[in-house]
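Here are my notes on the model you sent over, point by point. Have the structure open while you read.

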Amino acid sequence: MKSPNAGLRFAAVAAAFLMLAACSSNKDATGASTDSTAGQIRPGSAEDLAQNVGDRVFFETDRSSLSDEARATLQRQAAWMAQHGNLTFTIEGHADERGTREYNLALGGRRANAAKDYLVSLGVAASRLNTVSYGKERPVCLDSSESCWSQNRRAVTVIVSGVGS
């Protein structure tokens, strides 16, 4: 049988916990602060592009055509680029480890150009966009598996500089 004070003890412990939680700083699982004023991302920065818009699009094996998801990301990029008209960009094309170095350089180039061409079709000035292909030379994942290869088949939009910098 429960003591009549059990409910009161529970309420007191819960209230103490809530007061303590309200006084503590907000930290995520890694210990990083999640307070609204701490670690704010500067608008127009590479972090802003990566976290709030998406700085990369992905491709199917041996393809350079844009998926619907890639187009949606590039549409967000184009809108973001319009807000930050002083910036210039390089679109890096990448491939997975399969295929020859020469083939993957050409494939990475086609991927970078597909992203650039779509951004230009959305109104981004071509003069603000350059392309480069790294082929399979700069993987983000090194495992020989489809889940890894799919991360390496990408085009990444990188901020180069502000106009006139």
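1. First, the rule behind the salt-bridge count: a side-chain nitrogen of Lys or Arg has to lie within 4 Å of a carboxyl oxygen of Asp or Glu. By that rule there are eight salt bridges. Keep in mind that this is a predicted model.

2. Now the sheet. Four strands make up an open sheet with mixed pairing, in the order S1-S4-S2-S3. Strand S1 (56-58) and strand S3 (129-135) sit at the edges, each pairing on one side only. From one strand to the next, the twist averages 20°. Strand S2 (residues 87-94) runs parallel to S3, and six bridges join the two. Helix H4 (residues 101-121) lies across S2, S3 and strand S4 (154-162), at about 155° to S3.

3. Leaving out residues up to four places away in sequence, Thr90 touches Asn130, Thr131, Val132, Val156, Thr157, Val158 and Val160. Is Thr90 buried or exposed? Its relative accessible area is 18%, and the cut-off for buried is under 20%, so Thr90 counts as buried.

4. You'll find one aromatic pair in the structure. The ring centres of Trp80 and Phe89 are 6.2 Å apart and the planes meet at 65°, so the pair is edge-to-face. Both partners are buried: Trp80 has 5% relative accessible area and Phe89 has 0%.

5. Arg138 does two things worth a look. Its charged end sits over the ring of Tyr134, 3.8 Å from the ring centre, and its side chain also meets Glu92 in a salt bridge (3.8 Å, N to O). Arg138 is partly exposed at 43%, whereas Glu92 is buried at 13%.

6. Compare a local salt bridge: Asp68 and Arg71, with closest N and O atoms 3.5 Å apart. These two are three residues apart in helix H3 (residues 68-83), about one helical turn. Asp68 is exposed at 64%, while Arg71 is partly exposed at 31%.

7. Last, a network: salt bridges link Asp96, Arg98, Glu146 and Arg153. Within it, Arg98 and Glu146 come to 3.9 Å between their closest N and O atoms. Arg98 is in the loop between S2 and H4 and Glu146 is in helix H5, so this pair ties together parts 48 residues apart in sequence.

Definitions and conventions:
Residues numbered from 1 in each chain as written. Predicted model: local features only at pLDDT ≥ 70, side-chain atom pairs only at ≥ 80, totals over all residues. Heavy atoms only, no water. Pairing = 2+ DSSP bridges. Axes fitted to C-alpha atoms, helices over the stretch in contact; angles between N-to-C directions. Contact = heavy atoms within 4.5 Å. Buried < 20%, exposed > 50% of the residue type's maximum accessible area, 1.4 Å probe, protein only. Phe/Tyr/Trp six-rings, centres within 6.5 Å; stacked < 30°, edge-to-face > 60°. Lys NZ or Arg CZ within 6 Å of the ring centre and 35° of its normal.
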